[in-house]
Amino acid sequence: MPLIDADAPPSTNDTHYVVYFASGEPSWCPDCRNALPALQSVFGAESAPSAYVVRAGTREEWKGNPNNKWRNAPYNVDGLPTIVRVENGKEIARLGDVEGQEESALRKLTA
């Protein structure tokens, strides 16, 4: 299934992925821009698992802002992009901004 834009992570119990990503087209975040080919390769096909893209904000809303809602519980995102695997409503694995740019790490997360 293609990457799905979402305002917030879904509250379903099915296995899905949440991609916390910088806002903007193109994104202001170089790590997010670098991650796009790997994300599209892993999640872009119709047969791929569901991945919901949640925009964490503009550069001003994200950088140096400890009050950004995605930085705090229950999300606890500290870098962009962050990819989270959710099963039965619970986070079971997470890739940070460095690993989230690597197709091999994304494929391992979805295996």
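Reader: Where is Asn88 placed?

Author: Asn88 sits in the loop between S4 and strand S5 (90-95). Keep in mind that this is a predicted model.

Reader: Okay, and how do I read phi for a residue like that? What is the phi of Asn88?

Author: Start with the general idea: most residues other than glycine have a negative phi. Asn88 has a positive one, near 50°. Asn76, not a glycine either, also has a positive phi, about 55°. You'll find Asn76 in the loop between H2 and S4.

Reader: Is Asn88 buried or exposed?

Author: Exposed means over 50% relative accessible area. Asn88 has 61%, so it counts as exposed. Asn76 has 44% relative accessibility, so it counts as partly exposed.

Reader: What about peptide bonds? Which residues does a cis bond join?

Author: In general, most peptide bonds are trans. Here, a cis bond joins Glu25 and Pro26, with omega about 0°. Pro26 is in the loop between S2 and H1. The bond from Ala73 to Pro74 is cis too, with omega near 10°, and Pro74 belongs to the loop between helix H2 (59-62) and S4.

Reader: Now the inside. How many residues does the largest nonpolar core have?

Author: It has 30, and those with the most contacts inside it include Val19, Tyr20, Leu39 and Phe43. Strand S2 (16-21), helix H1 (30-43) and helix H3 (103-110) are among the elements that each supply at least two residues. H1 gives the most, six residues.

Reader: What does Tyr20 touch?

Author: Leaving out residues up to four places away in sequence, its contacts include Pro9, Val54, Trp70 and Leu80.

How values were computed. Residues are numbered from 1 along each chain as its sequence is written. This is a predicted model: local features need pLDDT of at least 70, side-chain atom pairs count only at pLDDT 80 or more; totals for chains, interfaces and linings use all residues. Side-chain values use heavy atoms; hydrogens and water are left out. A nonpolar core is a set of buried Ala, Val, Leu, Ile, Met, Phe, Trp, Tyr and Cys residues joined through side-chain atoms within 4.5 Å. Buried means under 20% relative accessible area, exposed over 50%, partly exposed in between (1.4 Å probe, protein chains only). Helices (H or I, at least four residues) and strands (E, at least two) are DSSP runs, numbered from the N terminus. Contact means heavy atoms within 4.5 Å.
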